[in-house]
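Here are my notes for anyone opening this one for the first time. Have the 3D view ready and go through the points in order.

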Amino acid sequence: MHLYNSKTQFNECLICLTPLHKSISLSHLIKPFPICLSCIQKFDIIDHSISFHHYPLRILYKYNDFFQSLLYQYKGLYDLALKDVFLCLYLDELKKKYKDYIIVTAPSSSTSNKLRGFAPIEKIASTIHNHIFTGLYKIDDYKQSNLSYNQRKKVKKRIGIKNKELLKGKKVLILDDVITSSSTLETCLFLVETCSPKCIELLVLSSSYW
(Lines give C-alpha, C1' and ligand atoms only; values in the text may rest on other atoms or scores of the structure.)
Protein backbone atom coordinates (compact mmCIF):
# COMPACT_ATOMS: atom_id res chain seq x y z
CA MET A 1 0.00 0.00 0.00
CA HIS A 2 1.20 3.47 -0.85
CA LEU A 3 1.25 5.87 2.08
CA TYR A 4 0.56 9.41 0.95
CA ASN A 5 3.59 11.67 0.87
CA SER A 6 3.34 14.94 -1.05
CA LYS A 7 7.09 15.02 -1.62
CA THR A 8 7.10 11.70 -3.47
CA GLN A 9 3.64 11.85 -5.01
CA PHE A 10 4.88 12.21 -8.56
CA ASN A 11 8.20 10.42 -8.14
CA GLU A 12 6.66 6.98 -8.04
CA CYS A 13 3.48 5.42 -9.36
CA LEU A 14 0.73 5.67 -6.76
CA ILE A 15 -0.52 2.20 -7.72
CA CYS A 16 2.52 -0.05 -8.21
CA LEU A 17 5.19 2.25 -6.66
CA THR A 18 7.43 1.99 -9.73
CA PRO A 19 9.66 5.08 -10.09
CA LEU A 20 8.00 7.19 -12.75
CA HIS A 21 11.30 8.07 -14.45
CA LYS A 22 11.52 4.39 -15.50
CA SER A 23 8.24 4.64 -17.40
CA ILE A 24 8.38 7.89 -19.35
CA SER A 25 5.86 8.24 -22.18
CA LEU A 26 4.95 11.16 -24.42
CA SER A 27 1.88 11.80 -22.27
CA HIS A 28 4.07 11.99 -19.15
CA LEU A 29 6.33 14.49 -20.88
CA ILE A 30 3.37 16.68 -21.86
CA LYS A 31 1.63 16.36 -18.50
CA PRO A 32 2.89 14.46 -15.45
CA PHE A 33 0.58 11.71 -14.24
CA PRO A 34 0.72 10.16 -10.76
CA ILE A 35 0.73 6.65 -12.28
CA CYS A 36 3.03 4.80 -14.65
CA LEU A 37 2.30 3.84 -18.25
CA SER A 38 1.86 0.18 -17.31
CA CYS A 39 -0.87 1.02 -14.81
CA ILE A 40 -2.54 3.43 -17.22
CA GLN A 41 -2.84 0.58 -19.69
CA LYS A 42 -4.63 -1.58 -17.12
CA PHE A 43 -7.58 0.79 -17.09
CA ASP A 44 -10.21 -0.47 -19.52
CA ILE A 45 -11.32 2.93 -20.83
CA ILE A 46 -14.81 3.07 -22.27
CA ASP A 47 -15.64 6.79 -21.82
CA HIS A 48 -19.26 6.13 -22.70
CA SER A 49 -21.95 8.86 -22.67
CA ILE A 50 -25.65 8.01 -22.46
CA SER A 51 -28.93 9.60 -21.44
CA PHE A 52 -29.93 8.65 -17.91
CA HIS A 53 -33.51 9.67 -17.14
CA HIS A 54 -33.03 12.45 -19.70
CA TYR A 55 -29.81 13.70 -18.12
CA PRO A 56 -26.29 13.23 -19.53
CA LEU A 57 -24.36 10.42 -17.86
CA ARG A 58 -20.72 9.70 -18.59
CA ILE A 59 -19.00 6.43 -17.59
CA LEU A 60 -15.21 6.39 -17.75
CA TYR A 61 -13.99 2.83 -17.16
CA LYS A 62 -14.99 -0.79 -17.34
CA TYR A 63 -15.36 -2.34 -13.90
CA ASN A 64 -12.74 -5.04 -14.45
CA ASP A 65 -10.59 -6.97 -11.97
CA PHE A 66 -7.96 -4.24 -11.96
CA PHE A 67 -10.46 -1.50 -11.17
CA GLN A 68 -12.13 -3.61 -8.49
CA SER A 69 -8.75 -4.23 -6.86
CA LEU A 70 -7.89 -0.55 -7.08
CA LEU A 71 -11.13 0.46 -5.37
CA TYR A 72 -10.50 -2.08 -2.63
CA GLN A 73 -7.00 -0.74 -2.04
CA TYR A 74 -8.42 2.77 -1.83
CA LYS A 75 -11.60 2.16 0.15
CA GLY A 76 -10.86 -1.12 1.95
CA LEU A 77 -7.18 -0.61 2.76
CA TYR A 78 -7.53 3.15 3.33
CA ASP A 79 -4.90 4.15 0.77
CA LEU A 80 -5.84 7.83 0.58
CA ALA A 81 -3.15 8.69 -1.97
CA LEU A 82 -5.12 6.78 -4.60
CA LYS A 83 -7.74 9.55 -4.68
CA ASP A 84 -5.49 11.23 -7.27
CA VAL A 85 -5.57 8.21 -9.58
CA PHE A 86 -9.19 7.77 -10.64
CA LEU A 87 -9.67 10.99 -12.62
CA CYS A 88 -6.08 11.81 -13.51
CA LEU A 89 -6.48 10.95 -17.22
CA TYR A 90 -9.39 13.40 -17.54
CA LEU A 91 -8.58 15.94 -14.86
CA ASP A 92 -7.78 19.01 -16.98
CA GLU A 93 -10.94 18.51 -19.02
CA LEU A 94 -13.11 17.97 -15.95
CA LYS A 95 -11.72 20.98 -14.11
CA LYS A 96 -12.48 23.20 -17.07
CA LYS A 97 -15.92 21.78 -17.83
CA TYR A 98 -17.21 21.68 -14.25
CA LYS A 99 -15.55 24.73 -12.74
CA ASP A 100 -18.95 26.37 -12.17
CA TYR A 101 -20.68 23.22 -10.94
CA ILE A 102 -21.34 21.96 -7.45
CA ILE A 103 -20.26 18.32 -7.20
CA VAL A 104 -22.80 16.15 -5.39
CA THR A 105 -21.18 12.99 -4.06
CA ALA A 106 -23.06 9.72 -3.66
CA PRO A 107 -23.33 8.84 0.04
CA SER A 108 -21.14 6.25 1.69
CA SER A 109 -21.24 4.39 4.98
CA SER A 110 -20.55 6.77 7.87
CA THR A 111 -19.18 3.87 9.92
CA SER A 112 -16.71 2.93 7.18
CA ASN A 113 -15.76 6.58 6.69
CA LYS A 114 -14.93 6.90 10.38
CA LEU A 115 -12.73 3.81 10.22
CA ARG A 116 -10.81 4.93 7.13
CA GLY A 117 -10.74 8.61 8.14
CA PHE A 118 -12.16 9.94 4.88
CA ALA A 119 -15.17 9.78 2.57
CA PRO A 120 -13.89 8.13 -0.65
CA ILE A 121 -16.11 9.79 -3.29
CA GLU A 122 -15.72 13.19 -1.65
CA LYS A 123 -11.92 12.90 -1.80
CA ILE A 124 -12.03 11.92 -5.48
CA ALA A 125 -14.33 14.88 -6.17
CA SER A 126 -11.86 17.20 -4.45
CA THR A 127 -9.30 16.48 -7.18
CA ILE A 128 -11.60 18.45 -9.53
CA HIS A 129 -12.35 21.28 -7.08
CA ASN A 130 -13.67 21.87 -3.58
CA HIS A 131 -17.21 23.03 -4.40
CA ILE A 132 -18.67 19.79 -3.04
CA PHE A 133 -22.15 19.08 -1.67
CA THR A 134 -22.20 16.34 0.96
CA GLY A 135 -25.87 16.60 1.90
CA LEU A 136 -26.80 13.15 0.60
CA TYR A 137 -26.64 10.60 3.40
CA LYS A 138 -27.59 7.03 4.21
CA ILE A 139 -30.57 6.90 6.55
CA ASP A 140 -29.37 3.55 7.87
CA ASP A 141 -25.72 2.67 7.67
CA TYR A 142 -25.81 -0.13 5.09
CA LYS A 143 -22.82 -1.11 2.98
CA GLN A 144 -23.61 -1.37 -0.73
CA SER A 145 -21.28 -4.30 -1.37
CA ASN A 146 -23.15 -6.36 1.24
CA LEU A 147 -26.51 -5.99 -0.51
CA SER A 148 -27.95 -8.37 -3.07
CA TYR A 149 -29.00 -7.05 -6.46
CA ASN A 150 -32.66 -7.01 -5.40
CA GLN A 151 -31.79 -5.22 -2.15
CA ARG A 152 -29.86 -2.59 -4.09
CA LYS A 153 -32.97 -1.92 -6.17
CA LYS A 154 -34.76 -0.89 -2.97
CA VAL A 155 -32.35 1.73 -1.63
CA LYS A 156 -34.64 4.67 -2.43
CA LYS A 157 -35.97 4.73 1.11
CA ARG A 158 -32.50 4.47 2.60
CA ILE A 159 -30.97 7.71 1.29
CA GLY A 160 -31.90 11.22 2.43
CA ILE A 161 -30.84 14.79 1.72
CA LYS A 162 -30.16 17.86 3.86
CA ASN A 163 -29.22 21.47 3.13
CA LYS A 164 -31.25 21.35 -0.11
CA GLU A 165 -31.18 25.13 -0.48
CA LEU A 166 -27.49 24.97 -1.41
CA LEU A 167 -28.36 23.37 -4.77
CA LYS A 168 -31.23 25.64 -5.81
CA GLY A 169 -30.48 27.29 -9.15
CA LYS A 170 -27.00 25.73 -9.30
CA LYS A 171 -25.28 23.64 -11.94
CA VAL A 172 -24.84 20.18 -10.45
CA LEU A 173 -22.56 17.23 -11.22
CA ILE A 174 -23.47 13.98 -9.45
CA LEU A 175 -20.42 11.75 -8.91
CA ASP A 176 -20.32 8.05 -8.01
CA ASP A 177 -17.71 5.31 -8.31
CA VAL A 178 -19.61 2.28 -9.67
CA ILE A 179 -22.99 1.78 -11.31
CA THR A 180 -24.54 -1.68 -10.85
CA SER A 181 -28.31 -1.76 -10.40
CA SER A 182 -28.39 2.05 -10.97
CA SER A 183 -30.75 2.37 -8.00
CA THR A 184 -28.37 4.50 -5.93
CA LEU A 185 -27.71 6.82 -8.85
CA GLU A 186 -31.43 7.11 -9.58
CA THR A 187 -32.11 7.98 -5.95
CA CYS A 188 -29.37 10.61 -5.88
CA LEU A 189 -30.75 12.11 -9.08
CA PHE A 190 -34.32 12.16 -7.77
CA LEU A 191 -33.25 13.87 -4.54
CA VAL A 192 -31.17 16.46 -6.39
CA GLU A 193 -34.11 17.16 -8.72
CA THR A 194 -36.21 18.17 -5.71
CA CYS A 195 -33.72 20.97 -5.04
CA SER A 196 -34.56 22.78 -8.33
CA PRO A 197 -30.98 23.04 -9.68
CA LYS A 198 -30.23 24.88 -12.90
CA CYS A 199 -28.95 21.72 -14.61
CA ILE A 200 -27.72 18.24 -13.76
CA GLU A 201 -25.03 16.00 -15.20
CA LEU A 202 -23.79 12.66 -13.91
CA LEU A 203 -20.32 11.14 -13.87
CA VAL A 204 -19.60 7.52 -12.86
CA LEU A 205 -16.11 6.10 -12.68
CA SER A 206 -16.94 2.55 -13.73
CA SER A 207 -19.53 0.04 -14.80
CA SER A 208 -19.58 -3.65 -15.75
CA TYR A 209 -22.34 -3.16 -18.31
CA TRP A 210 -20.51 -1.27 -21.07
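Which residues do ring pairs link into a cluster? Keep that in mind for point 1, and remember throughout that this is a predicted model.

1. **The aromatic cluster.** The answer is F43, Y61, Y63, F66, F67, Y74, F86, Y90 and F118, which are linked into a cluster by ring pairs. If you search the whole structure, you get 10 aromatic pairs.

2. **One pair up close.** Take Y74 and F118: the pair counts as tilted because the ring planes stand at 35°, with the centres 5.4 Å apart. This pair ties together distant parts of the chain, since its residues are 44 apart. Y74 belongs to helix α3 (residues 65-76), while F118 is in the loop between α5 (110-116) and α6 (120-125). Are these two buried or exposed? Y74 is buried at a relative accessible area of 0%, and F118 is buried too, at 5%. Both count as buried because the cut-off is under 20%.

3. **The largest nonpolar core.** This core has 39 residues, and the members touching the most others are I15, I35, F43, F86 and L87. Several elements give two or more residues to it, among them α2 (37-40), β2, α4 (91-97), β3 (101-105) and β8 (199-207). Which element gives the most? That would be α3, with five residues.

4. **F86 and its contacts.** Setting aside neighbours within four places in sequence, F86 is in contact with Y61, F67, L70, L71, Y74, I124 and L205.

5. **Another core.** There is also a second, separate core, made of 23 residues, and I102, I161, I179 and V192 are included in it. V192 leads us to helix α8, where V192 is one of the buried residues. Helix α8 (residues 183-193) is mostly covered, with nine of its 11 residues buried. The buried set there also includes S183, T184, E186 and T187.

6. Strands β1 (residues 45-52) and β2 (residues 55-62) run antiparallel and are joined by six bridges.

7. **H129.** Find H129 in the loop between α6 and β4 (132-133). What does its side chain have around it? A polar atom of the H129 side chain lies 3.1 Å from the backbone oxygen of Y101, and one lies 3.0 Å from the backbone nitrogen of H131. Leaving out residues up to four places away in sequence, H129 touches Y98, K99, Y101 and I103. H129 is buried, with a relative accessible area of 11%.

8. **Two last stops.** The charged end of K162 sits over the ring of Y137, 5.9 Å from the ring centre. Then go back to helix α3 for Q68, which is partly exposed with a relative accessible area of 41%. The C-alpha atoms of Q68 and V178 are 9.6 Å apart, although 110 residues separate the two along the chain.

How values were computed
Residues are numbered from 1 along each chain as its sequence is written. This is a predicted model: local features need pLDDT of at least 70, side-chain atom pairs count only at pLDDT 80 or more; totals for chains, interfaces and linings use all residues. Side-chain values use heavy atoms; hydrogens and water are left out. Two strands pair if DSSP finds at least two bridges between them. Helices (H or I, at least four residues) and strands (E, at least two) are DSSP runs, numbered from the N terminus. Rings of Phe, Tyr and Trp (its six-membered ring) pair if their centres lie within 6.5 Å; planes under 30 degrees apart count as stacked, over 60 as edge-to-face and the rest as tilted. Buried means under 20% relative accessible area, exposed over 50%, partly exposed in between (1.4 Å probe, protein chains only). A charge sits over a ring if NZ of Lys or CZ of Arg is within 6 Å of the ring centre and within 35 degrees of the ring normal. A nonpolar core is a set of buried Ala, Val, Leu, Ile, Met, Phe, Trp, Tyr and Cys residues joined through side-chain atoms within 4.5 Å. Contact means heavy atoms within 4.5 Å. A polar contact is a pair of N or O atoms within 3.5 Å; within protein, one must be able to donate a hydrogen and the other to accept it, and residues adjacent in sequence count only if both atoms are side-chain atoms.
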